[in-house]
Amino acid sequence: MKYGLYQALGMALLVIGAQGAIRQLVDHDNAGLLSWLPGGFAASISVYVLAVVIGAVITGRARAASKATN
């Protein structure tokens, strides 16, 4: 049960980050959730990519841990 929650959290981060990064690449002026962030395009795309990486790592580790306990 605990690992399922971590997988859901990781997937949410991955999806939000990927969707934001794609939106940012298509329309540089549309920062989405990170419109408040100073630094412009470079800062917001970096945060979106970081969210994708962190989400993928959390999801992968939770999946591996849930397989190990079964």
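## Before you start

The model is predicted, so local features need pLDDT of at least 70 and side-chain atom pairs count only at pLDDT 80 or more, while totals for chains, interfaces and linings use all residues. Residues are numbered from 1 along each chain as its sequence is written, and side-chain values use heavy atoms, with hydrogens and water left out.

## The overall picture

Let us begin with the whole chain. The secondary structure of the protein consists of two helices and zero strands. Here helices (H or I, at least four residues) and strands (E, at least two) are DSSP runs, numbered from the N terminus.

Along the principal axes, the C-alpha atoms fill a box of roughly 45 × 20 × 15 Å. The radius of gyration is 14 Å, whereas a compact globule of 70 residues would have one near 11 Å. This radius is taken over C-alpha atoms, and the globule rule is 2.2 Å times the number of residues to the power 0.38.

## Surface and contacts

The accessible surface of the protein comes to about 4,800 Å², and 70% of it belongs to carbon and sulfur atoms. Such areas come from the Shrake-Rupley method with a 1.4 Å probe; for residues, only the protein chains shown count as cover. Of the 70 residues, 21% count as buried. Buried means under 20% relative accessible area, exposed means over 50%, and partly exposed lies in between (1.4 Å probe, protein chains only).

Contact means heavy atoms within 4.5 Å. Among contacts between residues at least 6 apart in sequence, 59% join residues at least 24 apart.

## Helix α1

Helix α1 covers residues 2-26. At 1.5 Å a residue, its 25 residues should span 36 Å, and its end C-alpha atoms are 37 Å apart, which agrees. The expected span is 1.5 Å times one less than the number of residues in the helix.

The buried residues of α1 are Gly10, Gly17, Gly20, Ala21 and Gln24, and these buried residues pack against α2. Val26 also belongs to α1, but Val26 counts as exposed because its relative accessibility is 71%. The C-alpha atoms of Val26 and Tyr48 are separated by 14 Å, with the two residues 22 apart along the chain.

## Helix α2

Helix α2 takes in residues 40-69. Its 30 residues should span 44 Å at 1.5 Å a residue, and its end C-alpha atoms are 44 Å apart, in agreement. Buried in α2 are Ser44, Ile45, Tyr48, Ala51, Gly55, Thr59, Ala62 and Ser66. The buried residues of α2 pack against α1.

## Two buried residues up close

Ile45 sits in helix α2 and counts as buried because its relative accessibility is 14%. Leaving aside neighbours within four places in sequence, Ile45 is in contact with Ala21, Gln24 and Leu25. Ala21 and Gln24 are among the buried residues of α1. The C-alpha atoms of Ile45 and Ala12 are separated by 17 Å, and these residues are 33 apart along the chain.

With neighbours within four places in sequence left aside, Thr59 is in contact with Gln7, Gly10 and Met11. Gly10 is one of the buried residues of α1.

## A nonpolar patch

Finally, a look at the outside. Leu13, Leu50 and Ile54 form a nonpolar patch on the surface, with about 240 Å² of accessible area together. Leu50 lies in helix α2. Patches are made of residues with over 30% relative accessible area and no salt bridge; like charges are joined within 9 Å, and nonpolar side chains (Val, Leu, Ile, Met, Phe, Trp, Tyr) within 5 Å. A salt bridge is a side-chain nitrogen of Lys or Arg within 4 Å of a carboxyl oxygen of Asp or Glu.
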